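Have a look at the structure first, then read on.

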Amino acid sequence: MSSPNTNTLRLEVDKDGLALIILDDPLRPMNVVSPEWLEEMIATVERIASDDAIKGAMIISAKPAFMAGADLKYLMGRFDAEMSLQDAYVFSQRASRDLHRRMETCGKPFVAVLSGLALGGGFELALACHHRILVDNPKALVGLPEVTVGLLAGSGGTQRLPRMIGIQKALPLLLEGKTVGPAEALKLGMVDAVLPAQELLGAARAWLLGTPDAQRAWDKKGYRPAEGLGLLNSAQAAAYTMQVGRIAAKTWHNYPAPIAILDSVFEGMLMPFDKALNLESKYFARLLTDPVARNIIRTTFVSKGQADRLVRRPQAVPQSKVNRLGVLGAGMMGAGIAYVAAQAGLDVILLDTTQEQAEKGRDYSRKLLDKAVERGSRKPDQAAAILGRIRPTTDYSDLEGCELVIEAVFEDQAVKAAVIAKAEAMLGSGAVFASNTSTLPISGLAEASRRPAYFIGLHFFSPVDKMPLVEVIVGKQTSQETLARSLDLIAQLRMTPIVVNDSRGFYTSRVFQTFIHEGMRMLEEGVAPALIENAAKLAGMPVGPLALLDEVTVELPWKIVQQSIEALGDAYVRPCSYTVMQRMVEEFKRIGRRAGGGFYDYPAEGGRRLWAGLAEAFPLAPEQPEVGELRKRILYIQALETARCMEEGVLTHPADGDLGALLGWGFPSWTGGTLSLIDTVGVQAFVADCERLAKLHGSRFKPSAWLRDRALRGEPFYVQGAVA
Ligand code: NAD
């Protein structure tokens, strides 16, 4: 017997009366919790429940993975529709009550046959089955990573998992979104068996035939959770309090999901199961209607996905591939670029001024590969093959045949100009030349090129193997073909591009600098250094501006300022931290950690402490500002500069700005990025607050006429329904 083929699943029933629900979404590479699937699944479960001939059911997938989580693109649509709390609750209950709970209590046993990865909604489906069998394959990860997109496992995940494996084991999985492989899943009790692929269905059948009256522990009379009734147990109450503290220290109250998860677990454990599910739906609805989840999902999932699929690529240019990549300069950046390129299967010519330097660049890859072999993540022959693809040289004629060359030599216009000329003499007429400069305008550098249409900026971040972003800078004369081919290379390297137009500091460095300048400015105003650092962390920045400056050295922004003065003369507006930088570099000669100390001292025994001389150099103001006001200044100055980049056309799409902010310099993900932050605050409220800050702190906070007009029109950066 076989039912008509529906969209996302099929139902088959065998001669023993065992049903097979085969998940097979024809439109997507993975099965996901989409609205279509949900309705089909509910109908299928009803049919199984009402058909006396069916004794039980197995859920399997026809795809390599069992099921990923929710259809996040669909969720974005719900965000755009500005769902009410009540709508969000009903939305959650449709899955939680009408599918999962119904499956669990309909009187027929269900087995989840996890033949591959089962995450989020996929694993929640498995949790609602009476039995779970997972394939013995390290790629078959299971877990509930909803927290990483600002949500909670809202189809019973926060209730079933703690009841099955205990609160203490469930919390790290729910709060950190950690996913685990088969061995750990079995050990933790997340699944009941781990078996080779060919034994999965047989074991599921046997279990169903042997357990016709399966019932979950919490549906049996007299059920009490193993660890006692949540907060009524003093050990649990203490664990809850500790977790609240831990979450606050980690998230600074910027992310509502972890606390909602904690409350859902601890309050839910005190309740009968159905009431607990309703409670979970209430918490889920709150998160779903909170801007944080929308912000995270839009930037880290939707916009990132579009960037990875090269949404900004000029479509008319035929697809291209780089087989042989030239990298000029085998220093920190060149060596990193060579490593990711060789890993992606490209042949790399790594050129430096001496053979020794070039080989040192290749040794960087050797070290990383040796470590990968030690860890077991690479086989020795694979590592050798990758290393074999990097050819260190000093000879420009080796660049012949390279389809694309990236220069990463010293940050010096003259050095770069010489290298451009030498390389171009060896390149074919259509080869692309890219500069990894972090500060020199691309159109200026392109003047040294004989073929400026083939010249582009590809700004990688350090360390290249850990930072997936590449800022693509289109110069005045860069052709569409050059842009398309550069984007094709980035896809080959499995990295994420944003596309920006040329500007001093491009986009990322330009905006990021406002953060460190604002931090130093606060110091000059007499704000306590620890307060500045904490305000930045409170905003969600990964490190405080002073600690960060010590890492990159205060000399770096100082040099950029000097270069800008040289290039622009009086037209250049000096940053608000000019005096602090000058004094740190010239008067105190404390440029950073590398030079023995900067804003901090670095004692030999390790750690760091604020430099005692700061108190004298920048005396404390008698009245210290509110930390919330400092936090706002830190976030808003970056958002304002990003808005200026939109106004000037440096950015053409808000998604590039937001993605660049999150991936490029660690702007906090709860905001969704610098422009999402403005939309979240509301452009009118943002502009009004910036006007106030401008009166207090100076014209750098003054919103432009362009932004004020936007505020008057109430025009957000993201138009509903359009995320690119
Ligand atoms: P680096 O000093 O570590 O390496 C530069 C390398 O270029 C050295 O190995 C040097 O020997 C070589 N070199 C110098 N002149 C050369 C020439 N004429 N021909 C061939 N090789 C030559 O510098 P880096 O940090 O790798 O930076 C390189 C470039 O990347 C700079 O333009 C820098 O602004 C940019 N960048 C750096 C970072 C970063 O975080 N370090 C990030 C993004 C971009």
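On a 1 Å grid over the protein atoms alone, a cavity is a set of points where a 1.4 Å probe fits but cannot get out, while a pocket is an open set with protein on both sides within 12 Å along at least five of seven lines; lining residues have an atom within 4 Å of a point. Grid points are joined across faces, edges and corners, and a volume is the space filled by probe spheres set on the points. Please keep in mind that this is a predicted model, where local features need pLDDT of at least 70, side-chain atom pairs count only at pLDDT 80 or more, and totals for chains, interfaces and linings use all residues. Residues are numbered from 1 along each chain as its sequence is written, and side-chain values use heavy atoms, with hydrogens and water left out.

How many cavities of 30 Å³ or more does a search of the whole structure find? There are 2. The largest cavity holds about 80 Å³ of space. Among the residues that line the largest cavity are Ser303, Leu310, Pro497, Val499, Asp656 and Leu659. Helices and strands here are DSSP runs (H or I of at least four residues for helices, E of at least two for strands), numbered from the N terminus. At least two lining residues of the largest cavity come from each of helix H12 (291-308), strand E17 (496-501) and helix H26 (654-665).

Now for an open space: the second largest pocket has a volume of about 1,000 Å³. Its lining is made of 40 residues, and Val32, Gly69, Ala70, Asp71 and Leu72 lie nearest its centre. Two or more lining residues come from each of several elements, including helix H1 (35-50), helix H2 (72-80) and helix H3 (85-105). Which element gives the most to this lining? H12 does, with 5 residues.

Helix H2 also contains Lys73. Not counting residues up to four places away in sequence, Lys73 touches Phe301 and Arg309, where contact means heavy atoms within 4.5 Å. Lys73 counts as partly exposed, at 46% relative accessibility. In these terms, buried means under 20% relative accessible area, exposed over 50%, and partly exposed in between (1.4 Å probe, protein chains only).

## Rings and charges

Rings of Phe, Tyr and Trp (its six-membered ring) pair if their centres lie within 6.5 Å; planes under 30 degrees apart count as stacked, over 60 as edge-to-face and the rest as tilted. The structure holds 13 aromatic pairs. One of them is the stacked pair of Trp218 and Phe273, at 5.1 Å centre to centre with 20 degrees between the planes. Trp218 lies in the loop between helix H8 (200-210) and helix H9 (234-251) and Phe273 in helix H11 (residues 273-288), so the pair ties together parts that are 55 residues apart in sequence. Both Trp218 and Phe273 are buried. Elsewhere, Tyr507, Trp665 and Phe667 form one aromatic cluster.

A charge sits over a ring if NZ of Lys or CZ of Arg is within 6 Å of the ring centre and within 35 degrees of the ring normal. Here are two examples.

| Charged residue | Ring | Distance to ring centre |
|---|---|---|
| Arg583 | Phe618 | 5.2 Å |
| Arg608 | Tyr600 | 4.9 Å |

## Polar contacts

A polar contact is a pair of N or O atoms within 3.5 Å; within protein, one must be able to donate a hydrogen and the other to accept it, and residues adjacent in sequence count only if both atoms are side-chain atoms. Arg644, in helix H25 (residues 627-648), is buried, with a relative accessible area of 18%. Its side chain joins that of Glu641 in a polar contact of 2.7 Å. The side chain of Arg644 also reaches the backbone oxygen of Arg700 at 2.7 Å.

Glu715 is found in the segment after helix H29 (705-713) and is partly exposed, with a relative accessible area of 29%. The side chains of Glu715 and Arg713 make a polar contact at 2.6 Å.

## Backbone details

Ser462 and Pro463 are joined by a cis peptide bond, with omega about -10 degrees. Pro463 is in the loop between strand E15 (455-460) and strand E16 (469-474). Phe506 is not a glycine, yet has a positive phi of about 50 degrees. Is Phe506 buried or exposed? Phe506 is buried, with a relative accessible area of 0%.
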